[in-house]
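Here is a friendly walk through one protein model, written for someone who likes to know the cut-offs behind each term. Have a look at the sequence and coordinates first, and then read on.

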Amino acid sequence: MFKKFAVIPVFILFAVIVIHNPEATSEPAANPLDPAREDLARVEYPSQESIPWYPHFIRPNETLESLFGDDWVLVARFNRIDRRHTYPGMTLKVPRYMEDIRHYTPVPRFYEPAKRYEKYILVDLTEQWIGAYEYGKLKLSMPAATGSRGHETPTGLFRVDARHRWHTSSLYKTEDETGQYPMDNAFRFHIGEDDVSYWIHARDLPGRPASHGCIGVYDEEMQNRVYGIPHKPVLKDSHQLYDWAVGENDYEDDTGELEELEDGPVVEIKGSNPRYLPAMTASAR
């Protein structure tokens with residue numbers, strides 16, 4: 001049996017969408033608003049304590065692909081960053097042994113609180129990571145970018161109640177001012193008392209918390225459409241998570257428009273944003 005949904009009037013869009021300036025760059029380059037945190041060796045993730053790694057300063061003409069070959073995807077996920085935000089002058093964590101991160105996931109492979117739910121999404125703010133579970137078993141695992149300091153993503157238990165495959169921001173435009181900033185493959189998990197809505201959706205991943213409360217995951221197809229890079233999209237987590245959570249297998253035909261849903265997946269958000277180590281203390285492990 002398909003679950004029920006209803007079409008939401010379009011005008012609601014303008015009242016509920018909030019997203020922080022995505023800090024996007026049309027070409028890989030530093031974020032001028034927050035240069036200190038471009039040293040990703042300073043971001044402390046508990047799951048990396050037992051994995052040997054060293055900091056690598058990106059030099060001119062170096063890219064993830066040129067440095068790591070086919071393993072660039074592993075390093076990108078380990079750092080919670082996309083290719084457009086990897087640029088000369090920043091510092092990444094590089095595992096000493098790629099085998100250590102080939103199956104890296106900071107969330108448990110079995111999660112007891114999820115075992116009685118058909119679909120359950122765990123968001124770990126401290127790890128900047130999402131786990132999607134079916135009856136407690138991990139099915140999808142992916143990095144995320146959650147709310148930045150002062151705009152933290154709310155914690156607690158929620159339930160997905162809407163989807164919108166072609167969601168866009170009502171507050172921010174693309175850099176060329178030709179359209180609203182895209183938030184593809186979006187599904188809503190919470191509306192606050194101030195009528196602010198919180199979504200999980202496609203966005204840029206700069207390697208740290210970066211939103212106004214929403215939760216973003218990889219989508220290089222969106223980046224290619226808007227910015228023309230990367231030329232060959234590889235990271236497409238938002239498509240996979242959207243189809244799993246609110247796709248047509250459960251909710252009939254998806255028109256791409258904003259639709260209310262019933263009995264969506266449970267979303268648990270726990271922890272707090274990762275700690276940033278002082279620059280002098282972030283070193284190889």
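Predicted model: local features only at pLDDT ≥ 70, side-chain atom pairs only at ≥ 80, totals over all residues.

## Sheet, helices and cores

An open sheet is built from five strands in the order E7-E6-E5-E16-E8, with mixed pairing. At its edges stand strand E7 (137-143) and strand E8 (156-159), each with a single partner strand, so one side of each has no neighbour in the sheet. From one strand to the next, the twist averages 20°.

Residues are numbered from 1 along each chain as its sequence is written, and side-chain values use heavy atoms, with hydrogens and water left out. Helices (H or I, at least four residues) and strands (E, at least two) are DSSP runs numbered from the N terminus, and two strands pair if DSSP finds at least two bridges between them.

Within the sheet, strand E5 (residues 120-124) and strand E6 (residues 129-134) pair in the antiparallel sense over five bridges. Leu-122 stands opposite Gly-131 in E6. Helix H5 (residues 237-246) lies across E5, E6 and E7, and runs at about 145° to E7; such angles run from 0 to 180 degrees between N-to-C directions, with axes fitted to C-alpha atoms, for helices over the stretch in contact.

Why is helix H3 (residues 72-79) largely enclosed by the rest of the structure? Six of its eight residues are buried, where buried means under 20% relative accessible area, exposed over 50% and partly exposed in between (1.4 Å probe, protein chains only). The buried residues are Trp-72, Leu-74, Val-75, Ala-76, Phe-78 and Asn-79. They pack against strand E3 (53-57), helix H2 (64-68), strand E4 (91-95) and helix H4 (220-227). Just after H3, Arg-80 takes a positive phi of about 55°.

Now to the nonpolar cores, each a set of buried Ala, Val, Leu, Ile, Met, Phe, Trp, Tyr and Cys residues joined through side-chain atoms within 4.5 Å. The largest has 36 residues, and those with the most contacts inside it are Leu-64, Phe-68, Met-90, Leu-92, Ile-101 and Tyr-133. H2, H3, E4, E5 and E6 each supply at least two residues of this core, and H3 gives the most, with five residues. Leaving aside neighbours within four places in sequence, Phe-68 is in contact (heavy atoms within 4.5 Å) with Val-75, Val-94 and Met-98. Another core, of 26 residues, lies apart from the largest one and has Leu-125, Tyr-198, Val-246 and Tyr-251 among its members.

## Rings and charges

The structure holds seven aromatic pairs; rings of Phe, Tyr and Trp (its six-membered ring) pair if their centres lie within 6.5 Å, with planes under 30 degrees apart counted as stacked, over 60 as edge-to-face and the rest as tilted. The rings of Phe-189 and Tyr-198 have centres 6.3 Å apart and planes at 40°, so this pair is tilted. Both Phe-189 and Tyr-198 are buried.

Two charged ends also sit over rings, with NZ of Lys or CZ of Arg within 6 Å of the ring centre and within 35 degrees of the ring normal:

| Charged residue | Ring | Distance from ring centre |
|---|---|---|
| Arg-84 | Tyr-227 | 4.1 Å |
| Lys-119 | Trp-244 | 5.3 Å |
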